[in-house]
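Subject: Structure for you to look over

Hi,

Here is the structure we talked about handing over. My notes follow below it.

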Amino acid sequence: MTVTALDPTSALVIIDLQHAVVGAPTVPYTGQEVVARAVELARAFRERGAPVVLVRVTAIGRGPGPQ
């Protein structure tokens, strides 16, 4: 699916496309398909100067940093 038009006030918010999330069994689309679409959308938004926000959600006491 090609992105052909964006509302000038739109922003793309991509939430939690981490390995554990996209590696889980999902339907109707696989994690790989979701990531590929997110990449396509992010590229289209950036080409048009629209904001792209990447959100990574972690639980308290979890994550890559010191605990």
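A salt bridge here is a side-chain nitrogen of Lys or Arg within 4 Å of a carboxyl oxygen of Asp or Glu. The model is predicted, so local features need pLDDT of at least 70, side-chain atom pairs count only at pLDDT 80 or more, and totals for chains, interfaces and linings use all residues. Residues are numbered from 1 along each chain as its sequence is written, and side-chain values use heavy atoms, with hydrogens and water left out.

The structure holds one salt bridge. Glu-40 and Arg-37 form it through their side chains, at 3.1 Å, N to O. They sit three residues apart in helix α2, so about one helical turn separates them. Glu-40 is partly exposed, at 29% relative accessible area. Arg-37 is partly exposed too, at 24%. (Buried means under 20%, exposed over 50%, partly exposed in between; 1.4 Å probe, protein chains only.)

On the fold: two helices and two strands, in the order β-α-α-β. These are DSSP runs, numbered from the N terminus: helices are H or I, at least four residues; strands are E, at least two.

Of the 67 residues, 15% are buried. The largest nonpolar core has six residues: Leu-12, Ile-14, Ala-38, Ala-42, Phe-45 and Ala-50. β1 (12–15) and α2 (31–47) each give two or more; α2 gives the largest share, three. Such a core is a set of buried Ala, Val, Leu, Ile, Met, Phe, Trp, Tyr and Cys residues joined through side-chain atoms within 4.5 Å.

Best wishes
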